[in-house]
Amino acid sequence: MAELTHDRGGPRGRVAVLKPQVFAWVQDYGVYAAVLALLLFNVLFTPHFLDASNFRTQLVQVTPIVIVSLGMALVIGTQGIDLSVGSVMALAAALVVLYLGYGWLPALVVAVIGGAVVGAAGGALVAYVGVQPIVATLALLVGVRGLANVLVPQLVEFRNPDLIALGSSSVAGIPVIVLIAAALTVIVLFVVRRTTFGRQVVAIGGNRSASELSGLPVRRVLLLVYVISGLLAALAGVLATARLQASDPTSLGMFIELSAITAVVVGGTPLTGGRIRVLSTVMGALLMQLLAATLIKHNLPQSWTQMVQAVIILAAVYATRKRETR
Amino acid sequence: EEPQSAPAAASSAGQQVVETPSGTAGPTCTLEQFGGTKFDLKTATVGFSQSEKEANPFRIAETKSIKDEAAKLGITDLKVTNAQSQFSKQITDVQQLIAQGVKLLVIAPLNSDGWEPVLQQAAAKKIPIITVDRKINAKACSDYLTFIGSDFYEQGKRAADRMIDALGGKGKVAILLGAPGNNVTTERTNGFKDRVKEKAPEITISFEQTGEFAREKGQQVTEQLIQSNPDINGIYAENDEMALGAVTALKGAGKEPGDIKIVSVDGTRSAVQGIVDGWLHAVIESNPRFGPLAFETAQKFLNGEAIPDKVIISDRDYDTGNAKDSLGEAY
Amino acid sequence: MNREQLSRTLQQHGAVMVLGTLVIVGSLAFDSFATPANAASVVVSSSFLAIIAIGMTFVIISGGIDLSVGSLFVLGGVLAAYGSQYGMLVALLLPLAVCGVVGLLQGLVIARTGMAPFIVTLAGLLGVRGLMLAISDEGATTYLVKDRAFAALGQGEILGLSYPVYITAVLALAAMVLLQRTGFGQNVYAIGGNEQAAALMGVPVARTKVYVYVMSALLAGLAGALNAARLSSGVTILGIGLELDAIAAVVIGGTLLTGGAGGITGSVAGVLLLGVIQSLINQVGNLTSAFQQVVSGLFLALVVVAQRLLSKAQRLT
Amino acid sequence: MRRTELEAVLEARGVSKRFPGVLALDGVSLALRPGEVHALVGENGAGKSTLIKVFTGVYQPDGGELRYQGGPAAFGTPLEAQRAGISTIYQEVNLVPMMSVARNLLLGREPRGRLGVIDAAAMYGEAERVLSGYGVDTDVRRPLRTLGVGAQQMVALARAVSVDARVVIMDEPTSSLEPREVETLFGVIRRLRDSGIAVMYVSHRLDELYRVCDQVTVLRDGRLAHTGPLAELERLRLISLMLGRDQNEVRTEGLTSFSREHAEGDERGSGNGAPVVEARGLTRRHVLDGVDVSVKPGEVVGLGGLLGAGRTETAKAIVGALPLDGGQVLVAGAPLRAGSTSAAIRAGVSLLPEDRKAEGIIPTLSVRENIALAALPSMGRAGVVSEAKIDRIVEIFMRRLRIKAASPHQLVSELSGGNQQKVLLARWLAVRPKVLLLDEPTRGIDVGAKAEVQALIDELAREGLGVLLISSDLEELVEGADRILVLREGAVVGELSGDEVTEERIMATIAEQSDGRADA
Ligand SMILES: Nc1ncnc2c1ncn2[C@@H]1O[C@H](COP(=O)(O)OP(=O)(O)OP(=O)(O)O)[C@@H](O)[C@H]1O
Ligand SMILES: Nc1ncnc2c1ncn2[C@@H]1O[C@H](COP(=O)(O)OP(=O)(O)OP(=O)(O)O)[C@@H](O)[C@H]1O
Ligand SMILES: [Mg+2]
Ligand SMILES: [Mg+2]
């Protein structure tokens, strides 16, 4: 393709000005820069920040948000939104302890299937009934958390060593759940970049009626996207439960949908769909995690924490926003 | 392996014990003073408005206690609403209970202020209101009947005593705060801080962050905390869930039981077990079993007897000395 | 009325019809449901959400979204209660001024930088709640309403309904006229329908957007102030998740989240629907909290599906 | 000619505009005088729309100067330009689809009643009155999107002209209009000119230019190629200026491809063999009334008719994009699953849609992704796409259709209208269809490209592809089609083939039927 560019564009096709490029770079990689800046601040001003265990803590804590955000990025790519992820995490937490008697793996499978079913319900409402994604998944947000609480009315501690190990053991010093999140990131990246499905997702988000006329299986793709989101959320719920060593359907995943959406958007994926940035989404989640950690470590009161978060979110998105050509 | 869930309280054990009426007799209230009319509790519609989801041991035990006692007394028409932690919803819930013709209201308020519209409506219909576990800021015996519950400020003070005790009067302490804006958070914090200032000026409170009364948040905040403040000596958690989250965090960081002294409030079974295991130092109880006392008070009132304007229950505390034996009584 | 007009009417009034059905079913099922007292409690408690939903309707029709309303609601209440010690006027103007400024900032950022409204107002949600915590000593201080006249604004009654209901009705009517019968309203629809085209057609896009967010913030602040008057205090734990309720009400009311279509009547019906669902659950009176959530989730799904099917004849999204 | 001595009302002096990767305008100067109709022509991507947008404040120029009414001008927004008296019809219909026709027409100047509130009844009355002057008779309360593209264009036109303007700019206003509508438009333009208003007129239809324009400015690759009176400019010379090629070269290469093929006689496979696609009794209430269409391999079937006759609907119904009340589509004798475009595409039937912006391009994706979109299932294995395969296809089609883009990775939304259309054609050719339904395939395409597309259609037909050609350009229809079906009000009212295929016969068939109906 490179050759094509040259012989086609001619002298006029290659007018590259430096300044716009810098802007473009900031727009594309602003979130990386922000993460670096925050790291630098912490290295300078936060005691004990450079300990290996500190990085482990941050990575472990961000894992559920990263996993949920991956699914959210796909959904947002189709111009949708999935508010039900937090409740799906809760449902997964409930299912995993209910079926723990059969061993951790069957329990995990049941939990993930549960998540997929919820995703399918939301996806069906969106794709086949034509309900707007925000309300369809809002109904699930309310109902599924209730369902989780019906199944497991209160926090349940468990002693299953395998599940506990899943949450707390490490391989080569890297926690297992972090490795899982990394693997999922790679898979989603592959799906988005290299598969037909990934292309279809962004095409549908970019222009639904054009996609329909181009013969794309629009409804099926939409359904599948929500199923994947539910599936990933359920997995996140199981991992969070393993780490907590207790199933807490009441508060697990509360408001995580907002964190996930923030991570996706801070990473530069537009809410208007048609574009998905996987790695930047992970960076967005890391940014929000580091920010929260910084504010906690410096013991800011809640009021300040929230105001600072507001400002940083605005600044990060401002840097990565799409500029109008004028 | 069997998941171990905390079973609900055995019905007779751990019953609430009243602290005040025998001692300092405050102002009292009679049916006549209140201006109501007598009715039969058994056949009347009784409303109970719960504030939070029955999803933590305290709320579960509380709702269960009210329902069980009502059943025991033969009250057939008990209507229960749940505000799901939304204060506006609780106001509406109670108003709708009134609209359904309840004769007696038992309310577990989510917040102490902001009850004006409910109080007005109830007063117009002369419906007696008993508030449990949290106070309503209004006039007893006219706006509402009476309050039954613990003294949260006192709980904070007692937690401080335990902490001072554990640290020998000096050290660095972190507080895991409850949900911001919540009366319980405020009072448990103030009680703790006031007491520490008064009795152990050498203890510094170097860290206070909200864990929103949830185990996971407690764990996350503690992980950050012990990273950046490895020299912390004690953690005061404003409820058991956050304390248990802190325990998980400490375990994950390779700490041993007792390295960091944890004191918390509530008295759930898991927390008492935590004392037995050596992870928690002490737990101040906050007893949720309001059913018997609430209906007893109501019955007395209807019988024309004078009842106190507030019934403060005496909460016990758990420590290594009594934890093992008291496990059965914890909720 | 031809088929097309009929389906358009259904689309616009689907929520009203679902509401009617639900009320009828509710009255048949429960004796104490259709009583004046219960109806009053639904209407009164819905009025605050309705005020917010009116503002949200404008925002959503313009193609945006406002997540900050829940925080503005609680901030408005706290400020009103605080201001009430200086009298009625301050109690009303202080929250309106502060919330108006917040709305103005949000509107300016959205209109001038082209950042997604979702994110800007999400920052607003966080920032405004932080501000509220800052002025209330991390939520520990609850200011009480001292001014009698101001309290009466929230508590006074005519015909068994308190003043906020009438205020809401007036606001809703004014909003309808504004939306349907003024140039501003037309501009809001045009921006939501096709922003680029609207700009080329000479619509002052930026200014209209700013107005819309200011309006939404003002209404949220007003609702908060009226609620503080009703409760006689500036309760600090209010408004969490309120933005989702408002959005749900507006969308159930038939307004398209993608902008360009919708109306006030639907939003008000949507708010009442949410209120009626809650009331029906309370009528049952012995569901556990978990089941209550399941039921309200199912109800919500049912309502949106019904609303959607009613309007399906008219292919929109 | 008559008024060249007058001072320019709107003027560009050495204006430049740069987009990332492209210099869209390079020192262009143009003067527009009162009472003249000024044609702006050039190939796709020459910079015509960009120049217009610079004039009207949509873009800010990077260099040069704009002058309006004798003074320097800098419009920050379209609103400012509009307020100053410059009224514009943009290339893509730029109205608000979900708002009613009346509100679109009168947005910003609705009739007011008491209290300054909009008077709805007066608004609808006014809208009906204005639109009937443009031959659009419709319920003005309907959402605009329920109208066909042509009718929408007329609304946009009516909107732009009915304001009090000194300058009216029209960017390809006739690209989706019928001959009848074009006449209406020309009437309007002449009225404007006679009242001293300056009109700038962009079109790829050269005959139109010679009919209404006085002056012409030719752009090529963002630079000024020529400006002067149009009448003095021979048609062939104009084309050579646009293409930047020698006049003789243009002459020998020829411009229309259809006509030559026809002259050589029908050697295409028309007439023999079974129909590859056959639609029977397509019916949808108020829209289609038992339409039968069949296309044989190698045959080009034209669909004629006035605006709103149901041509677009017929095409959509065939590919299953329009729910039907009755009727059936057979591909090679086997019935097609109703309501599924992907089934149709798999069976070899594809539709190039009429509304490029709403139903064609995916604006967030690159040229490359847009081309590959429909062919994706065949571009890889087990759901994993083969980038190499895509690159190959994309390169072939970008070259064959001469798509002008900075690179295959440029966003398709940044291409000029004509090049977007070529991208869509490439998308459909990449799936190797048996039958291609083309709805206004040359709309907004420049002379050069138009010829290429037409040649392509011919070539494809010769290779055995069946084509259903919908075009509002009667000449194109007549030259391109072997057989023409004439539609009116959703029904086939006539079929012309062989020698009957002439513009006169088509017009007559439409008129005949109208008269017949009028009598009944
Ligand atoms: N927003 C944009 N971003 C980047 N490039 C653009 C943008 N708009 C136009 N261009 C480029 O500028 C050049 C001129 O485009 P323009 O739309 O003015 O062409 P045009 O003469 O109107 O063509 P057509 O006849 O096809 O409409 C093209 O190369 C196009 O790709
Ligand atoms: N001049 C008009 N006045 C009113 N309504 C019109 C007009 N033209 C089209 N419409 C409406 O648009 C609808 C769609 O027409 P359709 O697009 O099928 O027509 P078409 O034959 O493809 O013409 P074109 O594509 O050139 O607009 C018609 O059903 C009709 O209701
Ligand atoms: Mg153009
Ligand atoms: Mg058409």
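Tutor: Start with a definition for counting charges: Lys and Arg are taken as positive, Asp and Glu as negative, while His and the chain ends are left out. The place of each charge is NZ of Lys, CZ of Arg, CG of Asp or CD of Glu. Now apply that to chain D of this predicted model. Chain D carries 63 positive and 71 negative charges, and their mean positions lie 5 Å apart.

Next, the overall build. Chain D has 19 helices and 22 strands. Its radius of gyration is 23 Å, close to the 24 Å that the globule rule gives for 520 residues, so chain D is as compact as a globular protein of that length. The C-alpha trace spans about 70 × 55 × 50 Å along its principal axes.

Of the 520 residues in chain D, 61% are buried. The chain exposes about 19,600 Å², with carbon and sulfur atoms supplying 47% of that area. Take the contacts in chain D between residues at least 6 apart in sequence: 67% of them join residues at least 24 apart.

D:T312 sits in helix α11 (residues 311–318), and D:E354 in the loop between β16 (349–352) and α13 (356–360), so the pair ties together parts of chain D that are 42 residues apart in sequence. Both D:T312 and D:E354 are buried.

Conventions:
Residues numbered from 1 in each chain as written. Chains lettered and ligands numbered in written order. Predicted model: local features only at pLDDT ≥ 70, side-chain atom pairs only at ≥ 80, totals over all residues. Heavy atoms only, no water. Helix = DSSP H or I, 4+ residues; strand = E, 2+ residues; numbered from the N terminus. Buried < 20%, exposed > 50% of the residue type's maximum accessible area, 1.4 Å probe, protein only. Rg over C-alpha atoms; globule rule 2.2 N^0.38 Å. Contact = heavy atoms within 4.5 Å. Areas by Shrake-Rupley, 256 points an atom, 1.4 Å probe, with all protein chains shown as cover.
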